[in-house]
Amino acid sequence: MIRNPKISELFKLYKIERSQFKFDRLSIFSFLKYRSLIYVFEEDQIIKGYYLAYEENSSYYLESIAVNYKYVNKGVGKKLLNHFLSYPCDNFTLHVDPTNTVALNLYRRYGFNIIGYEVSFYENGNLALYMEKCK
Ligand SMILES: CC(C)(COP(=O)(O)OP(=O)(O)OC[C@H]1O[C@@H](n2cnc3c(N)ncnc32)[C@H](O)[C@@H]1OP(=O)(O)O)[C@@H](O)C(=O)NCCC(=O)NCCS
């Protein structure tokens with residue numbers, strides 16, 4: 001089931017974020033300040049992954065997506081991405097580290113194209129690819 005998290009569950013998302021990102025951790029808590037949308041994937045009463053997104057310049061931007069390391073490669077990321085792409089919008093965008101081949105390949109398979117890049121996008125100085133999918 002994909003749903004919005006309760007406030008009391010945010011620490012669980014924070015832990016997933018900490019375990020999956022070594023740098024550029026957004027912090028779920030600070031994200032609440034913005035008008036972002038947060039969704040979680042829950043199965044067997046366990047929150048297995050989440051994504052954060054927001055609308056920006058008539059595009060729906062995927063700010064962060066992560067699956068608990070115990071449950072990766074079991075289809076959770078695809079379910080979250082399908083949910084993200086069901087948003088009533090014609091244009092979807094995201095940034096991805098080009099060395100993150102699992103995520104990059106996943107986005108490609110879902111029809112995202114590289115339309116640019118930003119140098120020093122991440123805290124560690126890494127470049128980010130900017131990707132877009134139009135319906
Ligand atoms: C990227 C991420 C969200 C994908 O979630 P997931 O639940 O593992 O992905 P899925 O099980 O739905 O698999 C999606 C595809 O990736 C492949 N995949 C997943 N993990 C993989 C791995 N470790 N090695 C190789 N391929 C992998 C799957 O085989 C599947 O490919 P397919 O479309 O050919 O069937 C997850 O790996 C993650 O949390 N990574 C760390 C955080 C991150 O990098 N987020 C993205 C930032 S831009």
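Which residues of strand β5 (residues 91-96) make up its covered face, and which its uncovered one? The covered side holds F92, L94 and V96, while N91, T93 and H95 sit on the uncovered side. In general, side chains in a regular strand alternate between the two faces of the sheet.

A quick word on the model: it is predicted, so to speak of local features we need pLDDT of at least 70, side-chain atom pairs count only at pLDDT 80 or more, and totals for chains, interfaces and linings use all residues. Residues are numbered from 1 along each chain as its sequence is written. Helices (H or I, at least four residues) and strands (E, at least two) are DSSP runs, numbered from the N terminus.

Now look at what β5 pairs with; pairing takes at least two DSSP bridges between two strands. With strand β7 (residues 128-134), β5 runs antiparallel through 6 bridges, and T93 stands opposite E132 of β7.

β4, α3 and β5 also form a right-handed β-α-β unit (with the strands pointing away from the viewer, the path from the first strand over the helix to the second runs clockwise).

On to the ligand: 17 residues surround it, the closest being V72, N73, V76, G77 and K78 (near means a C-beta atom, placed from the backbone, within 6 Å). β4 (59-67), α3 (76-85) and α4 (101-109) each give two or more residues to this shell, with α4 providing the largest share, 4 residues.

How values were computed. A residue is buried if 20 or more other C-beta atoms lie within 10 Å of its own, exposed if 12 or fewer, and partly exposed in between; C-beta atoms are placed from the backbone.
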